[in-house]
Amino acid sequence: MSNKDLLDNVKKLRELTGVGFKDCKIAIEENNGDIEKSVEFLRKKGIAKASKKMGRNASEGLALVHSESDMVSAIEINSETDFVAKNKDFLNFCKEISKINFKVLGNINKLKLSKMENDKTVEENLISLIAKIGEKITIRRSKFFDKEGGTNFFYIHSAVEKNIGKIVSVVKILNTNNEDLGQKIAMHIAATSPLGIDKKDLKKEIIDKELEIIKAELANSGKKGDIAEKISTGKINKFISDNTLLNQIWIMDPKKKVSDILKENKIKE
């Protein structure tokens, strides 16, 4: 790993954890530049506390939505720097493929082979854009939400233009056309990044990994036996509540949970 790569990774790790330069450098070196493992390393040492931003992709770029006839598509295009995310050519490319993404129903493979206005494929234009800008650009993920089974609502965080921003969240809700409520729930999701709707939706490996980190942190702090077990149970229960939508504290009212808001509006969970 070059000195530049080391410093770049240390910077990313600091942004994610809020931990000082020295500890981040040690973590990066101990984990061969792996950001995710470095975060885990710091947490086990008790140096870093879990935060929402740790689960977010560290890349720059844009997220876009396209909406027609009560259907919504969403796509994320990553760049290496925020400077490129503001580039006019990059922005125009993203806007055009967002429309194509809607037509191909969020299928990335079909998207890459689709023709753009200049009669070249998305993949060909992507290669040309990378060569022109001199920075890696990636079509990271996409999704399509049809009109079946509920109403789609979306929220754009840090919008740069209509339907374009840094974070996009889309939510489908049954039995409601309440646009204000739908957008607020989408806003809540963008702010809190839940890993699942309820406890049953969390993968076992996620809970097991978090429990491993909690126990390592407690062991490093000198906690043992029944006390450590009791604390770890409390911490894992809080982790589950903090990361499942229905159990999260509603961002509009800290006295209520999201599940309370759904019940008040007669929406089934």
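## A tour from the sheet to an aromatic pair

Start with the strands: 4 of them form an open sheet in the order β3-β2-β1-β5, with antiparallel pairing. Strands β3 and β5 (164–165) stand at the edges with a single partner strand each, so one side of each has no neighbour in the sheet. As you look around, keep in mind that this is a predicted model.

Strands of a sheet pair through backbone hydrogen bonds, and they can do so in a parallel or an antiparallel way.

Next, select strand β2 (residues 71–79) together with β3. These two run antiparallel, and 8 bridges join them. Click on S73: its bridge partner in β3 is F144. Keep F144 highlighted, as we will come back to that residue.

Which strands does α5 lie across? They are β1 (60–68), β2, β3 and β5, and the helix runs at about 145 degrees to β2.

For the last stop, show the side chains of F102 and F144. A search of the whole structure finds 1 aromatic pair, and F102 and F144 form an aromatic pair that is edge-to-face, at 5.5 Å centre to centre with 65 degrees between the planes.

Key
Residues are numbered from 1 along each chain as its sequence is written. This is a predicted model: local features need pLDDT of at least 70, side-chain atom pairs count only at pLDDT 80 or more; totals for chains, interfaces and linings use all residues. Side-chain values use heavy atoms; hydrogens and water are left out. Rings of Phe, Tyr and Trp (its six-membered ring) pair if their centres lie within 6.5 Å; planes under 30 degrees apart count as stacked, over 60 as edge-to-face and the rest as tilted. Two strands pair if DSSP finds at least two bridges between them. Contact means heavy atoms within 4.5 Å. Axes are lines fitted to C-alpha atoms, for helices over the stretch in contact, and angles run from 0 to 180 degrees between N-to-C directions.
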